[in-house]
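Please read the following walk through one protein chain with the structure open beside the text.

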Amino acid sequence: FCEVASLHGVFDELVEDVLELVRELDEDPVEICLATLEKWRALFIVRTGPLSLDGEQGLLCELLVLLDLVRMEPGIALNGWDGPAGASRDFNNGTHAIEVKSTRTLDGTTVRVSNMEQLDPTGLESLGLVVVHLRSARMGITVQSVAAQILGKGVDRRGFLGRLERTGYLYGETP
């Protein structure tokens, strides 16, 4: 039982992770539980705090693109999502890559590029730049709601949540 109300969703994910591994693996359930708890404990130790507004908006934009890609090819899309690993481009399948940028400006013609490698197509058949225009809305979409949609499309749950956690976002955590 989790006594911290804001972490109920995260705790539910931990329990799901343990149960899924117990069903899949032919190992001692106690050992599986301990190993999974250790993995999650390490996640919380490494965490530096909540995402900044820019970080959350960048993640939201990547997830919106991922959702579109998952609708076409769930397994391939998730495997190509390299943004959480700190790669120079957000999506890359070896021959095609996508860099995702967000903008809150009214004209939306300017984006910030961290390094020139993000937009260098050398070694690729194609490199796309996706610019997502954002504006504040009281009842708008959230990282949580888009992540839930992605999970609902049948992607590998552990793979997706692991990548999501590497961004600094914990699925199920409420502010």
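A residue is called buried when its relative accessible area is under 20%, exposed when that area is over 50%, and partly exposed in between. Arg 158, at 27% relative accessibility, is therefore partly exposed. The coordinates belong to a predicted model.

Glu 24 forms a salt bridge with Arg 158, and the closest N and O atoms of the pair are 2.7 Å apart.

In general, two packed helices are described by the angle between their axes and the distance between the axes. Helix H1 covers residues 8–24 and helix H6 covers residues 157–166; their axes come within 11 Å and cross at roughly 140 degrees. The crossing of H1 past H6 is left-handed. On the H1 side the contact is made by Glu 13, Glu 16, Asp 17, Glu 20, Leu 21 and Glu 24, and on the H6 side by Arg 157, Arg 158 and Leu 161.

Glu 20 is another residue of helix H1. Is Glu 20 buried or exposed? Its relative accessible area is 15%, so Glu 20 is buried. Leaving aside neighbours within four places in sequence, Glu 20 is in contact with Arg 157 and Arg 158.

Helix H6 itself is mostly covered, with 7 of its 10 residues buried. The buried residues in H6 are Gly 159, Phe 160, Leu 161, Gly 162, Arg 163, Leu 164 and Glu 165. Just after H6, Gly 168 takes a positive phi of about 100 degrees.

Next come the other charged pairs. Side chains of opposite charge can pair when their charged atoms come close. How many salt bridges does a search of the whole structure find? The search finds 6 salt bridges. One of them joins Asp 54 and Arg 104, with the closest N and O atoms 3.0 Å apart. This pair links distant parts of the chain: Asp 54 is in helix H3 (residues 53–72), while Arg 104 is in the loop between strand S2 (96–103) and strand S3 (126–133), 50 residues apart. Asp 54 has a relative accessible area of 52% and is therefore exposed, whereas Arg 104, with a relative accessible area of 46%, is partly exposed.

Another salt bridge is formed by Arg 71 with Asp 68, where the closest N and O atoms are 3.1 Å apart. Both residues lie in helix H3, 3 residues apart, which is about one turn of the helix. Arg 71 is partly exposed, with a relative accessible area of 48%, and Asp 68 is partly exposed at 42% relative accessibility. Elsewhere, salt bridges that share partners join Glu 20, Glu 24 and Arg 158 into one network.

Val 146 lies in helix H5 (residues 143–152). Its relative accessible area is 1%, so Val 146 is buried. Not counting residues up to four places away in sequence, Val 146 touches Leu 60, Leu 63, Leu 64, Leu 67 and Ile 141. Val 146 and Val 70 are 76 residues apart in sequence, and their C-alpha atoms are 12 Å apart in space.

Asp 90 is located in the loop between helix H4 (74–80) and strand S1 (91–92). At 7% relative accessibility, Asp 90 counts as buried. With its neighbours within four places in sequence left aside, Asp 90 is in contact with Glu 62, Gly 80, Trp 81, Asp 82, Gly 83, Ile 98, Glu 99 and Val 100. The C-alpha atoms of Asp 90 and Val 100 are separated by 6.4 Å, and the two residues are 10 residues apart along the chain.

Val 30, Leu 34 and Leu 37 make a nonpolar surface patch of about 250 Å². Leu 37 is found in helix H2 (residues 29–46). Why can Leu 37 belong to a patch? Patches are made of residues with over 30% relative accessible area and no salt bridge. Leu 37 has a relative accessible area of 31%, and is therefore partly exposed.

Key
Residues are numbered from 1 along each chain as its sequence is written. This is a predicted model: local features need pLDDT of at least 70, side-chain atom pairs count only at pLDDT 80 or more; totals for chains, interfaces and linings use all residues. Side-chain values use heavy atoms; hydrogens and water are left out. Patches are made of residues with over 30% relative accessible area and no salt bridge: like charges are joined within 9 Å, nonpolar side chains (Val, Leu, Ile, Met, Phe, Trp, Tyr) within 5 Å. Accessible areas come from the Shrake-Rupley method with a 1.4 Å probe; for residues, only the protein chains shown count as cover. A salt bridge is a side-chain nitrogen of Lys or Arg within 4 Å of a carboxyl oxygen of Asp or Glu. Helices (H or I, at least four residues) and strands (E, at least two) are DSSP runs, numbered from the N terminus. Buried means under 20% relative accessible area, exposed over 50%, partly exposed in between (1.4 Å probe, protein chains only). Axes are lines fitted to C-alpha atoms, for helices over the stretch in contact, and angles run from 0 to 180 degrees between N-to-C directions. A crossing is left-handed if the near helix is turned anticlockwise from the far one by less than a right angle, and right-handed if clockwise. Contact means heavy atoms within 4.5 Å.
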